Amino acid sequence: DSGTALHSETVGRYAEATARGLHLPSERVERIRLAGIVHDVGKIGVSDALLRKPTMLDEDESAEIRKHPEIGARLLGGKELHDLREWVIAHHERPDGQGYPRGLSDNEIPLEAKILAVADAYEAMTARRSYSEPMPPEAAQAELRRRAGTQFDSRVVETFLRSLDREGALA
């Protein structure tokens, strides 16, 4: 739907700006932007009713949603997409090891997946959803800082926030 498309495009822009802020090579920056656009492709395997549910998810529903990184990785099965596949499957992993689907921690998580995680979370917090109103940008930025080192990579969070400042909230 158009909301998903806008979310994905925005995550791609945020991821690109963060990758540039980390001084990654331009080809890699472009691959990270593309990964941002396709990071949620696995949600095609999740029911629309669940994706649009206006209330909290129960345990079974949460488990279904948590399958989307693996579904997305399977959809990105071509050899030329190997890098994106690895980043997409890991974009909900956390430095503290409490993420999914593999429970990776810190150095086991690709930098590109850490970038996607921050970009995805910020966009989700600041956009209107069927189940929530958008958070003010300042509150979302404070939440990223609060979760830096546990849910998000600290260096990526700080680079992302500098990118927001430098690029006028990436409008």
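**Overall fold**

Keep in mind as you look around that the model is predicted. The chain is built from 9 helices and 0 strands, and following the sequence gives the pattern α-α-α-α-α-α-α-α-α. With a radius of gyration of 15 Å, close to the 16 Å that the globule rule gives for 171 residues, the chain is as compact as a globular protein of that length. Along the principal axes, the C-alpha atoms fill a box of roughly 40 × 40 × 30 Å.

Here are some whole-chain percentages, gathered for quick reference.

| Property of the chain | Value |
|---|---|
| Buried residues, out of 171 residues | 43% |
| Contacts joining residues at least 24 apart, among those between residues at least 6 apart in sequence | 58% |
| Accessible surface belonging to carbon and sulfur atoms | 51% |

Which residues make a nonpolar surface patch of about 290 Å²? Val41, Ile44 and Leu75 do. Of these, Ile44 can be found in the loop between helix H2 (26-38) and helix H3 (48-51). Is Ile44 buried or exposed? Its relative accessibility is 70%, and exposed means over 50%, so Ile44 counts as exposed.

Definitions and conventions:
Residues are numbered from 1 along each chain as its sequence is written. This is a predicted model: local features need pLDDT of at least 70, side-chain atom pairs count only at pLDDT 80 or more; totals for chains, interfaces and linings use all residues. Side-chain values use heavy atoms; hydrogens and water are left out. Patches are made of residues with over 30% relative accessible area and no salt bridge: like charges are joined within 9 Å, nonpolar side chains (Val, Leu, Ile, Met, Phe, Trp, Tyr) within 5 Å. Accessible areas come from the Shrake-Rupley method with a 1.4 Å probe; for residues, only the protein chains shown count as cover. A salt bridge is a side-chain nitrogen of Lys or Arg within 4 Å of a carboxyl oxygen of Asp or Glu. Helices (H or I, at least four residues) and strands (E, at least two) are DSSP runs, numbered from the N terminus. Buried means under 20% relative accessible area, exposed over 50%, partly exposed in between (1.4 Å probe, protein chains only). The radius of gyration is taken over C-alpha atoms; the globule rule is 2.2 Å times the number of residues to the power 0.38. Contact means heavy atoms within 4.5 Å.
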